[in-house]
Amino acid sequence: MTALKDSLNFRVNWHPFLLNPDTPPEGYDKKEYIARKYGSYNPNMFLRLQQAGAKSGIAFKDGGRVVNTIDSHRLVEYATKHGKQDEVVNELFHRYFELQEDISNLDVLVNIGQSIGLDPEQVRSFLASGQGRTEILAADMQAKRKRVSGVPHF
């Protein structure tokens, strides 16, 4: 998309979709989760992902945890209201896929918000309030009713 943005006029809108809505607060070890879901963890499968990512400047890592992303989605909605949707999504992806950070952790999310120019105390207050949670869950259910089963979805 980055390569096309100068020649085409388009806008990406990020919508909530929870891949693993029942993930407990402590999450799962990513490799163990993949092994449970697919029967085993195959490093070669991940190597292909790393090679594809490298072509786009993404350094995928296979460690870290699969976490519940409701609060991450809430941060995206908050940032959207402040004109920073793409910035926050890019930073969430970077922190999760490359730095293996826990993007369900309040302090990590506040830091992400601050790194893109949002007021950290306002971000912390918003996330601590639970505000927007019902809307995220409703948007997720709407996507599933439309038979969205994964991301990305166009």
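Asn20 is partly exposed, with 23% relative accessible area, where buried means under 20%, exposed over 50% and partly exposed in between (1.4 Å probe, protein chains only). The model is a predicted one, in which local features need pLDDT of at least 70 and side-chain atom pairs count only at pLDDT 80 or more, while totals for chains, interfaces and linings use all residues. Residues are numbered from 1 along each chain as its sequence is written, and side-chain values use heavy atoms, with hydrogens and water left out.

Asn20 sits in the segment before β1 (28-29); helices (H or I, at least four residues) and strands (E, at least two) are DSSP runs, numbered from the N terminus. Leaving aside residues up to four places away in sequence, Asn20 is in contact (heavy atoms within 4.5 Å) with Tyr33, Val66 and Asn68. With Tyr33 there is also a polar contact, side chain to side chain, at 2.5 Å. A polar contact is a pair of N or O atoms within 3.5 Å; within protein, one must be able to donate a hydrogen and the other to accept it, and residues adjacent in sequence count only if both atoms are side-chain atoms. Asn20 and His73 are 53 residues apart in sequence, and their C-alpha atoms are 13 Å apart in space.

Asn68 belongs to the loop between β2 (65-66) and α3, and it is buried because its relative accessible area is 17%.

The next topic is the nonpolar interior. In soluble globular proteins, nonpolar side chains tend to be buried together. A nonpolar core is a set of buried Ala, Val, Leu, Ile, Met, Phe, Trp, Tyr and Cys residues joined through side-chain atoms within 4.5 Å. Here, the largest such core has 22 residues, and those with the most contacts inside it are Leu75, Val88, Leu92, Ile112 and Val123. At least two residues of this core come from each of α1 (30-38), α3 (70-81), α4, α5 (106-115) and α6 (120-129). Val123 is in contact with Leu75, Tyr78, Leu109, Val110, Gly113 and Leu118, when neighbours within four places in sequence are left aside.

Glu91 is found in helix α4 (residues 85-98). Is Glu91 buried or exposed? Glu91 counts as buried because its relative accessibility is 19%. With neighbours within four places in sequence left aside, the contacts of Glu91 are Ile112, Ser115 and Ile116.

Angles under 35 degrees count as roughly parallel, over 145 as roughly antiparallel, 65 to 115 as roughly perpendicular and the rest as oblique. The axes of α3 and α5 are 11 Å apart, at an angle of about 20°, so the two helices are roughly parallel to each other. Their crossing is right-handed; a crossing is right-handed if the near helix is turned clockwise from the far one by less than a right angle, and left-handed if anticlockwise. Asp71, Ser72 and Leu75 in α3 meet Leu109, Ile112 and Gly113 in α5.

For α3 and α6, the axes come within 10 Å and cross at roughly 130°, so this pair is oblique. The crossing of α3 and α6 is right-handed. On the α3 side, the contact is made by Asp71, Arg74, Leu75 and Tyr78, and on the α6 side by Gln122, Val123, Phe126, Leu127 and Ser129.

Most residues other than glycine have a negative phi, and most peptide bonds are trans. Gln100, in the loop between α4 and α5, has a positive phi near 60° and is partly exposed at 31% relative accessibility. Arg147 has a positive phi near 70°; this residue is in the segment after α7 and is exposed, at 73% relative accessibility. Pro152 also lies in the segment after α7 (133-145), and a cis peptide bond, with omega about 0°, joins Val151 to Pro152.

How values were computed
Axes are lines fitted to C-alpha atoms, for helices over the stretch in contact, and angles run from 0 to 180 degrees between N-to-C directions.
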